[in-house]
Amino acid sequence: MQEKSKIALVLGSGGARGLAHIGVLKILEKYNIPIHLIVGTSIGAFVGAFYAAGIKLSIMEELALSTDKKFVAKMLLPSISTSGFIDGEQIKNYLKIYLGEKKIESLNIPFIAVATDITTGEEVLHTKGTVVDAILTSIAIPGLFKPVLYKQNYLVDGGLVNPLPVNVAKQYGATIVIAVNVTPEPGQFKSKKENILYSRINKKFTEIKNKFKILERIKVNSNKKQNDKFLKEYPTLFQTLRQSLSIMENKILEINLKNHPPDVLIKPDVNKYDLLAFYKAKEIITAGEIAALDKLNLITKLLKKAKL
């Protein structure tokens, strides 16, 4: 007797762009697409865990739409640390409001979160344990967040090793994989008019630098011509961090998709949104809905073929 097909939804990393996952879930739910497993990295683990825990999409969307710049800044309040600017305590408290002490083993839908062991570079798969801990380790962007101490290991963002873990879904028995890619592509540096969070972090960093009497900004040689195509100033710390992560994750993603292609790849048009632009939730969620609708016929054909 042929084993019944198992549909997995794989939600990738991408910061605020991952709010598009909510839009994708809205379409899948609206058209009764079954989900037997959710695998998430970083923001994908965040959104995936909420959904797997049985939290209604209407509530998830409401929470996302109520997020403004001040709320983001409050959640990611900078602290002086040699390990990272953000300790994640505010986020942990926020998660516990909705997830409490829920265990991965007790979720409505089987769920796996991907993190990275910063010491060994190994991929860490959370298949059991506290949901909040799994999310915190998976979203801990190196340099921005402090590494999370978990079972005597320091863990950080899963995107470092697997930004779109299609292979994990297949490893755990998925026969049909729907993957949502929101990993940003490398591009031009944006204006230095950062949002309120970056302003706070840059202010904190400036305070630290001033204590050691370090120059605030390094200028490019002043004898360059005005029409020089190169940047007139070095990229900021956070521009460099974002761009570096984007380059690295895209290289890994390219290899992983070649070796482990999903049956359906949904790619919302969210590249223009900043890593921390959670306050643009409405636009990003809509982008997810549009991208999912575009793949709905393909998904329906696959389900029909699998007799689901």
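Tyr273 is placed in the loop between strand 10 (264–266) and helix 10 (281–294), where helices (H or I, at least four residues) and strands (E, at least two) are DSSP runs numbered from the N terminus. The model is predicted, and local features therefore need pLDDT of at least 70, side-chain atom pairs count only at pLDDT 80 or more, and totals for chains, interfaces and linings use all residues. Residues are numbered from 1 along each chain as its sequence is written, and side-chain values use heavy atoms, with hydrogens and water left out.

At 6% relative accessibility, Tyr273 counts as buried; this term means under 20% relative accessible area, exposed means over 50%, and partly exposed lies in between (1.4 Å probe, protein chains only). The C-alpha atoms of Tyr273 and Ala16 are separated by 7.5 Å, although the two residues are 257 residues apart along the chain.

The secondary structure of the chain comprises 11 helices and 10 strands. Of its 308 residues, 49% count as buried. Among contacts (heavy atoms within 4.5 Å) between residues at least 6 apart in sequence, 78% join residues at least 24 apart. The chain exposes about 16,300 Å², of which carbon and sulfur atoms supply 53%; accessible areas come from the Shrake-Rupley method with a 1.4 Å probe, and for residues only the protein chains shown count as cover.

Helix 1 (residues 20–30) is largely enclosed by the rest of the structure, because 8 of its 11 residues are buried. Among these buried residues are Ile22, Val24, Leu25 and Leu28. Helix 1 is followed by Asn32, which lies in the loop between helix 1 and strand 2 (37–41). Asn32 is a residue other than glycine, yet its phi is positive, near 55 degrees. With a relative accessible area of 65%, Asn32 is exposed.

The aromatic residues were examined next. A pair of aromatic rings is described by the distance of the centres and the angle of the planes. Rings of Phe, Tyr and Trp (its six-membered ring) pair if their centres lie within 6.5 Å; planes under 30 degrees apart count as stacked, over 60 as edge-to-face and the rest as tilted. By this rule the count comes to 3 aromatic pairs. The rings of Phe46 and Phe50 have centres 5.4 Å apart and planes at 15 degrees, so this pair is stacked. Both residues lie in helix 2 (residues 43–52), 4 residues apart, which is about one turn of the helix. Phe46 is buried at 18% relative accessible area, and Phe50 is buried at 4%. Phe46, Phe50, Tyr94 and Tyr98 form one aromatic cluster.

Strand 4 (residues 111–117) and strand 5 (residues 123–126) pair in the antiparallel sense over 4 bridges; two strands pair if DSSP finds at least two bridges between them. Val124 in strand 5 is the bridge partner of Ala115. The two strands form a hairpin with 5 residues between them, and Gly121 in the turn has a positive phi of about 80 degrees.

Leu149 is found in strand 7 (residues 148–150) and counts as exposed, at 55% relative accessibility. Gln152 occupies the loop between strand 7 and strand 8 (153–157). Although Gln152 is not a glycine, its phi is positive, about 65 degrees. At 77% relative accessibility, Gln152 counts as exposed.
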